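Let us walk through a protein structure step by step. Keep the sequence and the 3D view side by side as you read.

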Amino acid sequence: MSRVQPLPEMLQLPLVVTVQVDLVLVLISSLAFLTRLSCLSYPNAVVFDEVYYGQFVSLYMKRIFFIDDSGPPLGHIILALGAYLGGFDGNFVWNRIGAEYPMGMNVWSLRLLPALCGALCVPLGYLLALELKFSHVSALGAAVLLLLENSLIVQSRFLLLESVLIFFVLLALLSYLRFQNSTSSSWSRYGWLLLCGVSCAAAVGVKYMGLFSYLLLLGVASVDTWNVIGDRAASHLSVCVQCFCRFMCLLVVPALLYIFWFYIHLSVLNHSGPHDQLMSSAFQASLKGGLSRITKGQPLEVAFGSQVTLRSSASHPVPCWLHSHKANYPVRYENGRGSSHQQQVTCYPFKDVNNWWIIKDPNRQDLVVDTPPKPVHHGDVIQLVHGMTSRFLNSHDVAAPMSPHAQEVSGYVDFNVSMPAQNLWRVDITNREAKSEVWKTIVSDVRLVHVNTSAVLKLSGVSLPEWGFRQLEVVAEKAFKVHSSSLGWTVEEHRYGTSQEQKDREVELHSPTHIDVDRKISFWAKFVELQWKMLTLKQEESEHKYSSSPAEWITMKTNIAYWLHTSTNAQIHLIGNLVSWGVAHLSMLAYQLLAVIYLLRRRRGFKDISDGAWEQFVRLGCVCVGSWLVNFVPFLLMEKTIFLYHYLPALCYLHLLTPTLLEHVHTHLLSSPTHRRLLHVCVIGVLLYVFLCFWTFCPLTYGTPELSASQLQRLKWRDSWDILYRRQ
């Protein structure tokens, strides 16, 4: 008779699940969501930089390509996701601050994701203090300072990116500290390291300022890895596995994800847009509409007799096309120098029929394409004939009008003087190894080398005077004298010429032909080009009323008026909590002073604190003071227009430093009960003042309730603040 086996011990009924809940964490998280998400739709109008980011959100909704040189695309993707979830179709004109949103527009959804990120920064600060091995009391203090920081609340409640950046940076630090502090040897420990890598990629993907925090974290991780390598108690296999996991999670994963953000960006934004002309012809042709509509079905291979437009590969000052017109260079320039008085050749930044040129075989008179076409190869000698005037592209030993060190380029006119035509050009395809020896539309980068003088056709970038219609100067210059980026030309529009007579040819130039040709550019080529443009594109900087210097941030000498009601005194300002702001910077100075004292005394052989406490103190400095430095010092070196909100990521670390440093002083430096009680009273008093300051500035944080002019005047605690009074 068989005996029934008892259930294993782990399957004994009843099943019981034990859950530990940190009620303090739940409380501060609830308060964070309340302060950041309440009345999120107010005001129902465009607030400060929403006018900037909103334009990109609308372009995302319409899948129109754009470039934002301020940062990679993940931030815009996140903002666009919130808009998409709210049903926004992109049909809103973001033309001014204060413009009212239409009734059907879901403003709450537009602002939701930045507000969520801002709210989550508060519990992240709490957990970070715990991972730094400080008490729950210090963690609560850090969370309260973040919770009651008016500037963080304001920046979180609108269509802006600082709160998103801060969230990912704090999450990356928390994840790494969780990994480092974990005593478990299971693979689940590496889940935190993977989350750290993902968060680092997201931080850099939102704004390039996240890169500095990422580099700091890599530095900390490198030191920790070096210590792992030196641990003789660990086996060689264990050390290799740990180093490999760190390499993959902190270097490979962030790099792949960073590229993935661009893959999403370029996959979604596949329509022609306002920034097309900043990109190469090949990039433009890959977008729907715009140049792709013009170039669709163009012949791929340039042949003798081809009619082409030549776009300069130089990106500055503006994209332009080789151009000529029925106007000659002046006989003498303003400075007295003489010219050839031949037809002007320029670079014109607009589409125009005078941009068309014909590739001519020097050994033939015909200006039409043979059947079959005879392609132009690298090294071939050609002549370029201007389509509308039939002048040959020419250069000679005459100084260029604006660049006298270079040769003049002209459309040759025979004046029966001792100035023979020098109109032969050799085709030099610079990317032939990657593409082809045959000159191809859009994909080939070509240098045109003047046969007689070996000078290279280039865009100088200098604007001509009135006699040149302010168009851009084109010259011929020795290749070794100039930067290679200004030497290249790309065939953008292309057709096979069929007309022998000039009148027929002029009609043909207005009527492009089409031949079905499939032309694509790889994602990697687009990624590299877009990344390079974002890093090198120089937007024209202009002084802004609310721009400020980093020195003004520390003392909060400046503020920013984000929004003003059209008819009342209701308004929103980016103003920090003056009390917590001041305490935070005093804490930073106190830490640095204390660190110097500790280092000097330890050098002399005195250990005021234990090795464990010293290690904790150093780790606190690396995370808080180090993060403050990498998020503040770069702005001292920048020449771009910067604002108070750029300081908020750095400020968060000082709010983490304040309570943790106080705990260090309380535990290791104050031995007298009287001194400790005095510190308790001071801390309670400061927290009370922090709350009172927060509450006092709430009307300027949330824009409600409306204050009278006299009440607003009383809130102007600093004369340099710009508080607006609409009526008395």
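This is a predicted model: local features need pLDDT of at least 70, side-chain atom pairs count only at pLDDT 80 or more; totals for chains, interfaces and linings use all residues.

Residues are numbered from 1 along each chain as its sequence is written, and side-chain values use heavy atoms, with hydrogens and water left out.

Start inside. In soluble globular proteins, nonpolar side chains tend to be buried together. Buried means under 20% relative accessible area, exposed over 50%, and partly exposed in between (1.4 Å probe, protein chains only). A nonpolar core is a set of buried Ala, Val, Leu, Ile, Met, Phe, Trp, Tyr and Cys residues joined through side-chain atoms within 4.5 Å. Here the largest nonpolar core has 164 residues. Phe-65, Trp-94 and Tyr-176 are among those with the most contacts inside it. Contact means heavy atoms within 4.5 Å. Leaving aside residues up to four places away in sequence, Phe-65 touches residues including Leu-266, His-271, Phe-283 and Leu-530. A second, separate core has 34 residues, including Tyr-333 and Val-491.

Now find strand E4, residues 356–360. Strands (E, at least two residues) and helices (H or I, at least four) are DSSP runs, numbered from the N terminus. Five of the five residues of E4 are buried, so the strand is largely enclosed by the rest of the structure. In a regular strand the side chains alternate between the two faces of the sheet. Trp-356, Ile-358 and Lys-360 point one way from E4, while Trp-357 and Ile-359 point the other way.

Which strands pair with E4? Two strands pair if DSSP finds at least two bridges between them. Strand E1 (residues 306–312) runs antiparallel to E4, joined by three bridges. Gln-307 has Ile-358 as its bridge partner. Strand E5 (residues 381–386) is also antiparallel to E4, with four bridges. There, Lys-360 is partnered with Gln-383.

Turn to the helices. H3 (residues 74–85) packs against H4 (residues 107–131) at an angle of about 140°, with axes 7 Å apart. Axes are lines fitted to C-alpha atoms, for helices over the stretch in contact, and angles run from 0 to 180 degrees between N-to-C directions. Ile-78 and Leu-85 of H3 are among the contact residues, as are Leu-110 and Pro-114 of H4.

In the other pair, the axes of H7 (residues 162–181) and H18 (residues 648–669) come within 10 Å and cross at roughly 45°. Residues meeting there include Leu-165 and Val-169 in H7, and Leu-648 and Tyr-653 in H18.
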